[in-house]
There are 2 protein chains.
Amino acid sequence: MAQILQDIRVLDFSRIFAGPDATQMLGDLGADVIKVETPNGGDECRGLGVSGNELEQLGGMSPSFRAFNRNKRGITLDLSNPVARSVAATLAARSDVVVNNFRPGTMEKWGLGYEELKRAQPRLIYCDFHAYGAVGPLAQIGANDLALQAHSGLMSMTGAEDGPPARAGGAIIDLHASLAIVTGVMAALYHRERTGEGQRLETSLLLSSAHLMSYFYEDYWLTGKIHRRMGTANHLSVPNQAFPTLDGYAVIIAPSDEMWRRCATALSPQTLLCAAFASASERLRLRKEVVAAISAVTRRLTNAEIHDRLSKARVNVAIVQDIARAANDPQLAAIGGVFEHDEEGRAAKYVATPFQLDATSASVRRPPPKLGEHTLEILGEAGYSPAEVEALRASGAIGKGL
Amino acid sequence: MAQILQDIRVLDFSRIFAGPDATQMLGDLGADVIKVETPNGGDECRGLGVSGNELEQLGGMSPSFRAFNRNKRGITLDLSNPVARSVAATLAARSDVVVNNFRPGTMEKWGLGYEELKRAQPRLIYCDFHAYGAVGPLAQIGANDLALQAHSGLMSMTGAEDGPPARAGGAIIDLHASLAIVTGVMAALYHRERTGEGQRLETSLLLSSAHLMSYFYEDYWLTGKIHRRMGTANHLSVPNQAFPTLDGYAVIIAPSDEMWRRCATALSPQTLLCAAFASASERLRLRKEVVAAISAVTRRLTNAEIHDRLSKARVNVAIVQDIARAANDPQLAAIGGVFEHDEEGRAAKYVATPFQLDATSASVRRPPPKLGEHTLEILGEAGYSPAEVEALRASGAIGKGL
């Protein structure tokens, strides 16, 4: 099958999560993605969250690095070195897309800003990704996913009603931003295909977080309501939350009166199918009583029993799964949500691209690159002679170890 | 400025959050988006989360509906009526993109599946969006954002360490899926521009959730680690969480030893700048002690003082803001994160598209449509004569009220 981006080259200066995950998706769609890393250790993500021993057992790549860097080739360039910066400019002139997430002004300081690079490559699509954006009072403040969970209001809405705020357990604002980058790049590529024009694209953790919280902001602007955390519940309907079971927790959602009747009948008609709980507005008003009555039933049942009874009754139900069960979920595998790739005899697994196109395949063609793995190959393609490569090595521009 | 999708028409059968938010972004980029709703109340989102009285004061549109439905025109069609379904097919034949989120098989049952519609419009890009995908053991189970927070493992990682699971406070899996839809549509449009081929696109809450959790699944697959909830903290470094202050909570993140020294110096050198806490591995080992020592300092300071001191010391810091402060954040406004639009003399506000393209503007051209507002206009453009429209009305296909 055709690959949508098979003749597109992406030069990726980004590190950690959002940028690398975005360029990985471009790679999944067929682009030739060149990951630029510092010779001195590379993307900090290579060692993230693992001890030295574990890292050795994992072949020098953390699980997070593996999760975000398939379908790329790797080159090392020490961008503090002016020679390396001129190599980067040469590579950018041969590229369709450049992505970076340095602090605002850094790429410009290095002569690698959009205005400079587009002179040599007017069709370039150039993506700046920052924490709070490039301007405004917070532009130079360091931030990550957790900081934006706090700043955006998401954290104020997460956690137990009577407890402190909690974080959403994953780097959701970071990874949401990665899809915003890909969307913007695809929109710019489409525009370029029709007009010949490149352009600069910008997004940030802040824009990503605001998009996730947009309907709460709209609610506040229109009504003044300031929604707050409610554990697993929400203000819309009851039941609409997790309940304790014999072996964990199960989520039950029955907003309409009709679905509630089916839910009550399937769980415990004697205790739940009463007139007091029959209407949605009364269930909201008697939230505590309804939750207590349901919990009294669910505590005596297993997750599997509850899922079986309620799904048969066409009531929305889901089990609170841990990471192990979620990763090995048969449903995820059934819909092609896991890519397998043979790597030196081992069947490596990756979470798939989050959308599927029937006529054009997304797939794993390459495992994540070792640090600097394709430096010589990429320099050769860009026209550097063996003597020039030797000079780059001697100057420290590409690191000394290759 | 040019609008990227100015000659693209989108026919949108989707409801609630993900689909409408996705087509809104296509509208932001310039597409003509036609929202199809049932004459009997329309998209359930129109009344979501507000009482009857509030809804009246809001002009019949909930804040959530407003958040996800700008830049669209609206038509009412009762798809249980075969005449309405033939109108829908006629509109699809004039469209570039069709989006739906009915249960798997519903559009096919109505003669509106991809295979049928592409006969009349081979260039069509057709998006199916489901909860768990179209195949597999859970394909027919009802689910929403909360259910997928549970199923994906996110909920097991959210909440206090010693408490029950919590939900991430917003519908993040739903809204992440919306960007996956837009990315897929843009990729398919790019492919069509180069090859002339349309295609079917599919995504789901399940694929969206797996993308957000991908690095935890990868970690489990490679090391067997099952990460669990830790309040606002994580397993990577200390401090990397929210701390109580005089007037709320502040997030402090200082992973490197150098940043920790600056942090300790800025907050309380007497109590924090000690040898025991100097190395990252020791701070991880002495997590409880480090957190207690920092908390003892932050409890006596305001959010503003902490933000001021730590940002000056170049330590990552953020305030846990409530929805009011986040919605009115000066930084969000400074980077163009809020669209304003004059609507009958009122300056309506919307959260902006989550990426910005320099050469091609995203903007608000239209407020969300009233139910059926553009039915006659859209039917007229599609070639229906006044007499035919009258017959549609009489048959109930477009509702009787127009």
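The model is predicted, so local features need pLDDT of at least 70 and side-chain atom pairs count only at pLDDT 80 or more, while totals for chains, interfaces and linings use all residues. Residues are numbered from 1 along each chain as its sequence is written, chains are lettered from A and ligands numbered from 1 in the order in which they are written, and side-chain values use heavy atoms, leaving out hydrogens and water.

**The two copies**

Two copies of a chain are related by a rotation about an axis and a shift along it. Here, chain B is superposed on chain A by a rotation of 180 degrees with 0.0 Å of shift along its axis. The RMSD is 0.0 Å. The superposition is by least squares on the C-alpha atoms of residues with pLDDT of at least 70 in both copies. The two copies are thus related as by a two-fold rotation axis. Both copies use the same surface: 100% of the contact residues of chain B recur in chain A.

**The interface**

Contact means heavy atoms within 4.5 Å. By that rule, 139 residues of chain B are in contact with 139 residues of chain A. Between them the chains bury about 11,900 Å². Carbon and sulfur atoms hold 67% of this area. Buried area is the accessible area (1.4 Å probe) that two parts lose on being put together, summed over both. B:Tyr190, B:Trp221 and B:Ile323 supply 7% of the area that chain B buries against chain A, more than any other three residues.

Polar links cross the interface too. There are 50 residue pairs in polar contact between chain B and chain A, both residues at pLDDT 80 or more. A polar contact is a pair of N or O atoms within 3.5 Å; within protein, one must be able to donate a hydrogen and the other to accept it, and residues adjacent in sequence count only if both atoms are side-chain atoms. Helix α8 (residues 172–195) of chain B gives the largest share of the side that touches chain A, 17 residues. Helices (H or I, at least four residues) and strands (E, at least two) are DSSP runs, numbered from the N terminus. That side of chain B divides into 78 nonpolar, 41 polar and 20 charged residues. Ala, Val, Leu, Ile, Met, Phe, Trp, Tyr, Cys and Pro count as nonpolar, Asp, Glu, Lys and Arg as charged, and the others, Gly among them, as polar.

**Salt bridges**

A salt bridge is a side-chain nitrogen of Lys or Arg within 4 Å of a carboxyl oxygen of Asp or Glu. Within chain A, A:Asp128 and A:Arg200 meet at 2.5 Å, N to O. A:Asp128 lies in strand β5 (residues 125–130) and A:Arg200 in strand β6 of chain A, so the pair ties together parts that are 72 residues apart in sequence.

**Strands and sheet**

Two strands pair if DSSP finds at least two bridges between them.

| Strands | Sense | Bridges |
|---|---|---|
| β6(A) (199–204) and β12(B) (356–357) | antiparallel | 2 bridges |
| β10(A) (338–343) and β11(A) (346–351) | antiparallel | 6 bridges |
| β4(B) (97–100) and β5(B) (125–130) | parallel | 4 bridges |

In β12(B), B:Gln356 is the bridge partner of A:Glu202. B:Val97 stands opposite B:Ile125 in β5(B).

An open sheet of 7 strands, with mixed pairing, has the order β12(A)-β6(B)-β5(B)-β4(B)-β1(B)-β2(B)-β3(B). β12 of chain A and β3 (72–76) of chain B stand at the edges, each with a single partner strand, so one side of each is left without a neighbour in the sheet.

**Backbone exceptions**

Most residues other than glycine have a negative phi, and most peptide bonds are trans. A:Glu344 has a positive phi of about 50 degrees although it is not a glycine. A:Glu344 lies in the loop between β10 and β11 of chain A. A cis peptide bond joins A:Val238 and A:Pro239, with omega about 0 degrees. A:Pro239 lies in the loop between α10 (214–223) and β7 (240–245) of chain A. In chain B, a cis peptide bond joins B:Val238 and B:Pro239.
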